[in-house]
Amino acid sequence: MIKLENVTIKFDKTIILDDISIEIPEKKIVYVVGKNGSGKSTLAHTISGLNKKYKGKISIDENLLTRKISIKDLRKKLGLVFQNPDNQIVFNTVYEDIRFTLENMNISGDEIDKTIDDCLKTVDMEAYKYANTYSLSGGQKQRIAIASILAMKPSYIIFDEATSMLDPIGKEEIYCLIERLKKTGITVVFITNLLEELIYADEILIIDKHKVFSYSKKEIFENFGILEKHGLKLPFIFRIIESLHQKGIYVYDKKTILEELQKL
């Protein structure tokens, strides 16, 4: 579990997040939403160790996150996927890129190839082991960036608007992948501006007026007024779900929604 206790984050004299206390449960897909500039990425960067200017306590699996902890050590527990995968890919081939991560962790030569194969299999990129990274699509690059993170065997991965630069196919690839990651026991924290992505969530955090509010997916999907209360505009798919509710049909995932629409 990731736990924040009375965390306040300021830049200069501007309060971004004010005295927040939240718990992010294990083995769940937790989406974080809010208006532009609300502090979503700030929250992600703080939990992941990139921002150390905060007051309060942050712990990961009951281990206190101190400002002295190295990013290298933290990444063994928690990985961060950026919006632009080009910011995380360094080498010309997929193999070299993941190998570099493992060498930095002092993994032995015999274990490196097996770990690379396992990580590429998890992200469905086995066929691209020796591919040129610059020839890959945006979605493929993002999956390679994720494979490099998986090589460190973290328990948590934060996605910071990781689908915002991808086409619909690339987005679907990432949605399927985070479901697979959850099944392996990894906790996913997904920062997004795309409210329609909440259909893939288990739990939802909404940042509003410097505070963080926690909801279950069921709470949100049975009362979209919660999103509107926090100043968030409902996407078209939620209007469809509302129409189904009016017919007494309550659905929470994309597959079921499509099946119910086909019946009408």
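This is a predicted model: local features need pLDDT of at least 70, side-chain atom pairs count only at pLDDT 80 or more; totals for chains, interfaces and linings use all residues.
Which residues of helix 5 are buried? The legends below take up this helix and the sheet beside it.

View 1. Residues are numbered from 1 along each chain as its sequence is written, and side-chain values use heavy atoms, with hydrogens and water left out. The buried residues (under 20% relative accessible area, 1.4 Å probe, protein chains only) of helix 5 are Gly139, Gln140, Lys141, Gln142, Arg143, Ile144, Ala145, Ile146, Ala147, Ser148, Ile149 and Leu150. Because 12 of its 13 residues are buried, helix 5 is largely enclosed by the rest of the structure.

**View 2. Packing partners of helix 5.** Helices (H or I, at least four residues) and strands (E, at least two) are DSSP runs, numbered from the N terminus. The buried residues of helix 5 pack, with contact meaning heavy atoms within 4.5 Å, against strand 6 (78–81), strand 7 (156–160), helix 3 (94–104), helix 4 (109–122) and helix 6 (168–183).

View 3. In the order 6-7-8-3-9-10, 6 strands form an open sheet with mixed pairing, where two strands pair if DSSP finds at least two bridges between them. Strand 6 and strand 10 (211–216) stand at the edges with a single partner strand each, so one side of each is left without a neighbour in the sheet.

**View 4. The pairing of strand 9 with strand 10.** Strand 9 (residues 203–208) and strand 10 run antiparallel and are joined by 6 bridges; Glu203 has Ser216 in strand 10 as its bridge partner.

Terms used: Buried means under 20% relative accessible area, exposed over 50%, partly exposed in between (1.4 Å probe, protein chains only).
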